[in-house]
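Subject: Structure handover

Hello,

Here is the structure, with the sequence, for your files. My notes follow below it.

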There are 2 protein chains.
Amino acid sequence: MIKQNKLFLYEKQAEIAKAIAQPYRIAIVDFLKDGEQCVCDIAEHIGAGRSNVSRHLSVMVSAGILEYRKDGLKVIYSLKTPCILGFFECITNCLKEQAKENQKLFKAI
Amino acid sequence: MIKQNKLFLYEKQAEIAKAIAQPYRIAIVDFLKDGEQCVCDIAEHIGAGRSNVSRHLSVMVSAGILEYRKDGLKVIYSLKTPCILGFFECITNCLKEQAKENQKLFKAI
DNA sequence: CAATTATGTGACTACATACTCACATAGTAT
DNA sequence: ATACTATGTGAGTATGTAGTCACATAATTG
């Protein structure tokens with residue numbers, strides 16, 4: 001049986017995974033890898049409503065993935081733990097293996 | 001605005017992330033990293049009901065993370081893309097950064 | 001001050017998910 | 001064939017999530 005602190009770790013890992021397991025949120029992280037952005041520009045870039053984006057951002061802040069600073073009217077978000085980008089490499093590696101059996105996926109990577 | 005095939009990629013990445021974004025499923029992958037296991041032993045190891053485990057397994061098979069073979073009565077699951085393990089390193093790195101501000105988390109890692 | 005802009009939030013809807021129970025299926029053993 | 005074991009699945013419940021709308025808040029500008 002699994003030990004108690006292992007379970008706690010799995011829960012924490014799941015929290016982080018959950019916080020990025022959504023297409024818009026992945027798009028946001030991918031956008032922010034090139035530098036900080038305000039809610040407004042993020043919403044326009046990913047093509048979603050502002051209030052929706054605002055919620056996605058707050059989820060990722062709670063998960064410790066993003067942080068923000070205020071600048072006048074704007075709130076500017078950035079990656080708090082850029083190591084999260086390594087996650088995408090891993091996922092993309094898995095997708096590449098799957099792509100051997102799937103042409104459409106192959107073209108997208 | 002984001003291009004169409006980028007969006008498709010984000011969706012695929014989200015699918016994989018979603019497939020592991022659950023404590024039991026992380027426990028399962030962590031268990032399988034040491035070798036293939038049947039549903040029965042997985043259920044006992046993680047301390048969950050068999051039918052529940054069976055569902056978690058089929059989700060991960062659909063996502064392309066796991067594969068299985070049949071051996072008599074038993075169905076034996078294993079990692080299809082062991083590169084998924086890299087994912088945990090990334091997540092754990094992020095947690096380590098967070099752990100600087102959180103003692104309980106620090107002890108679990 | 002009033003008007004404008006960027007952001008966040010309460011309330012609601014629609015849908016997805018985890019889980020459990022009872023049962024079906026399929027292989028094994030007697 | 002009967003009994004047993006491992007696994008999967010339909011149906012149901014409870015909870016979580018994404019998204020939208022209207023509105024509140026807060027900083028900025030005129």
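His56(A) is buried, at a relative accessible area of 9%, where the cut-off for buried is under 20%. Please keep in mind that this is a predicted model.

His56(A) sits in helix 4 of chain A. Leaving aside residues up to four places away in sequence, His56(A) touches Gln22(A), Tyr24(A), Arg25(A) and Ile28(A). With Arg25(A) there is also a polar contact between the side chains, at 2.9 Å.

Helix 4 of chain A runs over residues 50-62. Its 13 residues should span 18 Å at 1.5 Å a residue, and the end C-alpha atoms are 18 Å apart, so the two agree. Just after the helix, Gly64(A) has a positive phi of about 85°.

Which residues of helix 4 of chain A are buried? They are Val53(A), His56(A), Leu57(A) and Met60(A). The buried residues of helix 4 of chain A pack against helix 1 (4-20), helix 2 (23-32), helix 3 (39-46), strand 2 (66-71) and strand 3 (74-79) of chain A. On the face turned away from the buried side are the exposed residues Ser51(A), Arg55(A) and Ser62(A).

**DNA strand D**

There are 21 residues around DNA strand D, and those that come nearest are His56(A), Cys40(B), Ser54(B), Arg55(B) and Tyr77(B). His56(A) is thus listed here as well as among the buried residues of helix 4 of chain A; burial is computed on protein chains only.

- Arg25(A): 2.9 Å from a phosphate oxygen.
- Ser51(A): 3.3 Å from a base nitrogen.
- Arg55(B): 2.3 Å from a base oxygen.

Two or more residues each come from helix 2 and helix 4 of chain A, and from helix 3 (39-46), helix 4 (50-62) and strand 3 (74-79) of chain B, to the surface near DNA strand D. By class, that surface has eight nonpolar, seven polar and six charged residues. Of the atoms of DNA strand D within 4 Å of the protein, 62% belong to sugar or phosphate, and the rest to bases.

Regards

Notes. Residues are numbered from 1 along each chain as its sequence is written. Chains are lettered from A and ligands numbered from 1 in the order in which they are written. This is a predicted model: local features need pLDDT of at least 70, side-chain atom pairs count only at pLDDT 80 or more; totals for chains, interfaces and linings use all residues. Side-chain values use heavy atoms; hydrogens and water are left out. Helices (H or I, at least four residues) and strands (E, at least two) are DSSP runs, numbered from the N terminus. The expected span of a helix is 1.5 Å times one less than its number of residues. Buried means under 20% relative accessible area, exposed over 50%, partly exposed in between (1.4 Å probe, protein chains only). Contact means heavy atoms within 4.5 Å. A polar contact is a pair of N or O atoms within 3.5 Å; within protein, one must be able to donate a hydrogen and the other to accept it, and residues adjacent in sequence count only if both atoms are side-chain atoms. A residue is near a molecule or strand if one of its heavy atoms lies within 4 Å of it. Ala, Val, Leu, Ile, Met, Phe, Trp, Tyr, Cys and Pro count as nonpolar, Asp, Glu, Lys and Arg as charged, and the others, Gly among them, as polar.
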